[in-house]
Structure formats: structure tokens, C-alpha cells
Amino acid sequence: MRLTILALWCALALSAQMKAPTDEASLREGLKLYQFHCSFCHGKGDDGMAANLVTPNLVHAPTDASLVNIIRNGIGGTDMPPALGMSEQEMLMVAGYVRSLGRTAPTSIAGDAAKGKALYLGKGGCAGCHMVDGKGGRSGPDLTLIGAMRSPGNLRTSIVDPNASMVGGWSMVHLTLKSGQKVSGIRLNEDNFHVSLRDGKGKIQTIAKAEAVKIDRDLTRSSMPAYGKVFSEDEMTDLIAYLFSLRGAL
Amino acid sequence: MKILLALSTAALLSAQAPSGDWLHFQGNPQGHRFSPLKQINKTNASRLKLAWAMQIDKTDKFEASPIADNGILYVSEPPSDVSAIESRSGKVLWRYKRVLPDSVAYCCGRVNRGVAKLGDLVFIGTLDAHLVALDAATGHVVWDVEMADIKKGYSSTVAPLIVKDKVIIGSAGGEFGVRGYIAAYEAKTGKQAWRLYTVPSAGDKATETWLGDSYKYGSATTWVTGSYDPSTNLIFWGTGNPGPDWKGDKRRGDNLYSDSILAIDADTGKMKWYFQFTPHDVHDWDATQVPVLVDEMWKGKMRKLVLFANRNAFYYVFDRETGEYLLGKQYVRQTWAQPELDAKGRPVRLPNTAPTPNGTVVYPNSPGATNFQAPSYSPQTKLHYVMTRDEGGVFYSGDDTYKEGSWYLAGRFVSKPGEEATGAIKAMDFTTGKAKWEYALSGASWSGVLSTAGGLVFAATGDGDMLALDDTTGKLLWRFPMGGKAFANPISYLAADGKQHVAIACGHTLFSFTVE
């Protein structure tokens, strides 16, 4: 051991026991605060562009303490910002309200997840681009936890109209180099001087902009085709049931 | 995948990858932290400039040492995240963020010391004691296995070591009465190939070195990366303190295999030999330093050696085929043992040096003469560069009863009042156990050391000045104030444009330097 941080440990142990309120007055106050601070991104909880909150198991917040911590500090590296201007008590009430959304979450949705999995692997060919539990392609987001992250409605939108549900870090970039060579891939990073992309073979390349005569970015067009016409309505329901069941081990 | 793995294994086993990549925690499996690159050398070191800096968005200590492979750096960020970084520009290509349970027990911050890579996979041991394989192109999880139960106090902070087709990894949790282990997992599948516990099982003869059933909570964790010798197919790995840390009454005896170096068959996980540096340790002097493997002349004969600068203030040399003890010398101030070890290398403990309820002053302090700061060995100078610290401590004994997942310390320590820790980068001559030169530091540093074929030694001071020293004299050639505390180890690599860089994490930033 290098340094003993007993005080920190004690603080953590205490915070792990933090409980969000469940009484009606607190929930009403929590709703008001939620509407002011959270609903712009999270909508009513399951229809916003941010993570689905109508679930009993929040991926990033297994306990009330961790939920308050996320409200207080945001989630680094994501679009979730820290809350500004809320007291500790108010954050606890928001946490209580968010938990109440999960308590009424449907335990099951329509559709047959097993049939949906067969469609995912077969007719849809989804695994060609997406990974689940370490298996699949690298051209799209990992779906291992997608059921915990998205609502069924949002999943449907993503399949029918991928452009309406673009995910950061997955847009395409197309470069034409001075040599005439064309290079395309998922845009991983772009600054004033370079573009880094992952090409169709999964190889990461960094190209100096000075070498490019043309750079096209698909910022509003997903590289995923629309699958609305590929599946029947029943098949779509089954596929969504499968995706909604993907919650990893959490 | 199979072909890729095979090719990569060949590159990983070579003494040093010729490409300018940095493929292991220590650069090579032998634990040298030596770069064969010499674009940056004694004549141009004064022109070193910051090439880029990459800031992380965490406030935990940044202890990681990156891996560099084909123009991309893979570095762990605290607590258990991984980023892939374009090595010329410092721009992030992908980032894996691990969701941790709230209930993880850890002693010394939510830290991680680095990743390993084999073929298309990047491996990280996580604070919640899982081993995770990530797809190197996307950061997606390819497999994720639980190594141990966090409810018992286990965690993982060590950078794994690749040995052939396996990922070798150690355990943390030595302050929670866990049972330390070193384990091997199949890189491709995550299936455990073997596991060697560092404290004995019931019925083993080594239980006789523990009072009663105290071995059950014996700790001896393995939280710093070991080394591998392809010529003997042995893994060498250091083990940590026995538990509880500061009161020995409950665990009278030598407490095997705590504070030891273990030589382990890489295929079977069987222990071939061991040497215990600090029998019945009561000062928390984990022997979790990196074993440095060299083939050099020893008294007129070429031998396969292990060099080991220990936390207990003694410097050791062994024959790594047989475990024969060849040399042991005090190399940092100490007051707990006779200055000379006995003929077998066992310390002769002085009276009245154990912790007491009212406090006992001992040198070195609990953080020791050196600790997790990675050492370096230059085959050019044949010197073993070690970051050392000099500080006294007051050790108090207390009382703790083992409770699953809770602190199991039975005491505490403080720095000796009225003194400040100092330190030095020491260039150890392994043939004598004496420093050929040393570069004194006004405060102690947690940075490791890198040496290069350019004749340079790199390390950071405790307050974050990056230094370049002449490897034969210790003369300062360049410095750069990074403006944060350094807890990490420097590496060197060739970026995609063919330029040599030197990189180190400091504060909450990864810095990369090059010569214009």
C-alpha cells in the first residue's frame, strides 16, 4: 500500500448509503426541477435524445449516490453536463424523481426477442456492422448495452430513419488526396491539420489535410441504411424487443 | 486473427521491437524500459520540445504508462478507462469508458498503470477486478471476465504482461486481507489458463510460516507488472505485503510468499523458485518492483541474472535459472536491519523496529526505498537506473479483526515529523550494488525511469519537472516543467512521421516530447 486514505474511504462508505426520497411532495418538487434542468435532452425520460431514464437499471447509476454524483458532475466525455444551481437536497429530489420513472418501467415490451435476434443476425445482417458481446463488425456503435441506453421508440427511429438519430463519433468522412486517391472512413478525429479515420477494413489512418484536395463530411447522413422497408411491422417489433433486451451483465 | 496473433507474438518476444514501437509495459518482456531509438541523444536533448499534450477529464491519479503500436498509443486512464491516441498529434481516436460499481474497495486511489496489446486486442485489468479485451480498432469490448470478487476486497490496477498467447495479470487488494494471485488468461477467449496463489492453501507446507489460519487473509498481492524470460520460459513477478500490514503478532512466521520474487513456469503457472526479501514484514514493504532480467558476466562467467532494487532498502542480484542469491547490498538509508544481509540474503532484523501502539521510528518509511516507480536498464551502460526515496516513518500498531471486504491494516504510519522526503535517481552498478552516479531530488518522486540508446535517462521530479540526464554521468541536459505531480513512467516511440518521441503522464495530462 502506498498511502492510506481512510477519510476518503469513510466518505465513500457513507455516500453509498445515500437514499433518494420517495414521498410525494419530494417527487413533485423533483419533477419540477427535472423539467427545468433535464427534460431538454431527456424529454419525458424515454423519448429524448439522451439516455433512457425509464428503466429500473440505469447503466451509469446503480445506486442513488452514483445518480446524485452524475447529476452533480455530469459524465465526462459525454454530452451529460454537470447540473448548475441545484443544492444537494434538490439533486436528491431529482434523483428520487428519476428513480420513480424506473419503478413504473415496463418489465416487457411487445415482440419476441428470440425471433428478433434471428432477424438481427439473418435478414438484417446487423452484425456485419455492430458488435454485441464482443462479436460483430466495427462500422457502427457497440449494441451490447443498447437496451439500457435507449427507449423502444428511439430504437425504432434509429432503424427506420438512421439520419434522425445520429450518434457522435460515427459520421463518415471522404477525402480526395492530391494523388487522386480517395479515402473514406468513420471520422475519429479532425483538427486544423489532420483527419483521423477508420477505414472499411478497420485500419486507422491519420491524413494531413495539406495532402487532401477535397474533404466531405457526412454530418447529417448516417452510414447506416434505412431498414424501414426491410422488415414487416411484426419483424420490426421483434427486432426492437431483441435490442431492448440487450443490457449486458449490469 | 490467428496469424495476426502469431506475428505479434514474435514481435513481442524479440528483445526490443525494431520498429520503434513500445509493445510492453516495460518496453520489452525482460523489464528493461530501454528504448533502442537514438534520434534524441546527448547532442540534441537540449532542443527537446513539447510536441503535444492530451488532457484527461478525471481527477484521479494518472499512473499509466502507454503502449505504442504502429503510430497509435494505447493508454489507460483512471479509474479503468482506455484511450487510443494518434501518436504524432495526441488526438484521441476512441475511448472506452468502464462503468464501475460503487462498492469497489481500493487502498490508494482509483488508479490503473497501463494496458497490454496482442494482435487486434487491447487488455485492461479493471478496478472491479475484471480482465477486459477491447478491439484495438474501435475500443469495443470483445470479452470481459471477472477475475475475483470485489466484495472480498479484490481490485486490479496492474498493467498486464503478454507472454506468448496469454495475458498475465496480478491482483490488488493487499490492505483488505485478500488472497493474492497471478493468473494467465488465453488472449483470444479470456479463458483462464492457470492461477498461482501467492499465499498457501490449507495443507501446503508454507502454511507453517503463518500462525494458525492467518494465511487465509495473507494478501501478498501482485499489483506491479513482472517480467518474462523466453530463454527459460519463466515469468518473474514480485509479491506484496502480508496482511494485516502493521501488526505481526497475528501472523507470526515468515509469511510465505509475501514480499518475494516468484519464478513461474509460463505454461503451467507452477512456481520454480522463490526468494523472500523481507520475511515477516511489518512495515508494508511490498516487493512489487519490476524484476530486470539481463544476461551478463558475473565473476568471469556469463550468467542469466535478475536485478531487483527492493522497497526494503536492499539491492539484490540472483541467478534466474536457479534462484541462487548472488548479491545483496543496502542502497538507501535504513535502520531496521544490520547493514549486511546474511549469507543466504536474509536480513538480520534489529530489535525494537516493529510498530508499537506509541509509534516506532524506522527508515525507510512505509512507501519504501523505491516502490512502483519503474526502473530502467541500459545494455549500453550496463547500469540499472532506479528512482529512490529517503524518508523516515513512525509506525503504529493497532488492532483489526478480519472482516470480508474491509480494511485489514492493524496500524498506521506517518512520515517522521520535521522531515521531508527526498529522493535520487540512482545509476546502480549491479556488479557491486553501489550507485555509479546519482541525481539528487529535493523531494521524492513517484515517476519511473527510461533509458535510451541516445545515451539519455528520462524521469520526472516529484513536482513534475521532466528531466533528461546523461546516462553515464547523471548530468542534467534538459528539463521541462509539466506543472503537476508525476506518478507514471516515461516511454519512447517512433510516431507515424518517423520522429522519436518521449511520453509521460503527469498531473492529468499525457505529455509527448520530440526534437524539432
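Q: Two strands pair if DSSP finds at least two bridges between them. Which residue in E27(B) stands opposite B:Phe395?
A: This is a predicted model, where local features need pLDDT of at least 70, side-chain atom pairs count only at 80 or more, and totals for chains, interfaces and linings use all residues. Residues are numbered from 1 along each chain, chains are lettered from A and ligands numbered from 1, in the order written. Strands are DSSP runs of E with at least two residues, helices runs of H or I with at least four, both numbered from the N terminus. In E27(B), the residue opposite B:Phe395 is B:Phe413.

Q: How many bridges join strand E26 of chain B to E27(B)?
A: Strand E26 of chain B covers residues 393–397. It runs antiparallel to E27(B). The number of bridges that join them is five.

Q: Is H4(A) parallel or oblique to H5(A)?
A: Helix H4 spans residues 64–73 of chain A, and helix H5 spans residues 88–103. Their axes, lines fitted to C-alpha atoms over the stretch in contact, come within 9 Å and cross at roughly 120 degrees. Angles under 35 degrees count as roughly parallel, over 145 as roughly antiparallel, 65 to 115 as roughly perpendicular and the rest as oblique. H4(A) is therefore oblique.

Q: Which residues of H5(A) does H4(A) meet?
A: Contact needs C-beta atoms, placed from the backbone, within 7 Å. H4(A) brings A:Asp64, A:Leu67, A:Val68, A:Ile71 and A:Arg72. They meet A:Met91, A:Leu92, A:Val94, A:Ala95 and A:Val98.

Q: Which strand gives the largest share of the side of chain B that touches chain A?
A: The contact takes 33 residues from chain B and 27 from chain A. Strand E6 (92–96) and strand E10 (141–146) of chain B each give two or more residues to this side of chain B. The largest share, four residues, comes from E6(B).

Q: What distance separates the centres of domain 1 and domain 3 of chain A?
A: An automatic or database assignment sets the bounds. Domain 1 covers 6–103 and domain 3 covers 172–218. Over C-alpha atoms, their centres are separated by 40 Å.

Methods: Axes are lines fitted to C-alpha atoms, for helices over the stretch in contact, and angles run from 0 to 180 degrees between N-to-C directions. Two residues are in contact if their C-beta atoms, placed from the backbone, lie within 7 Å.
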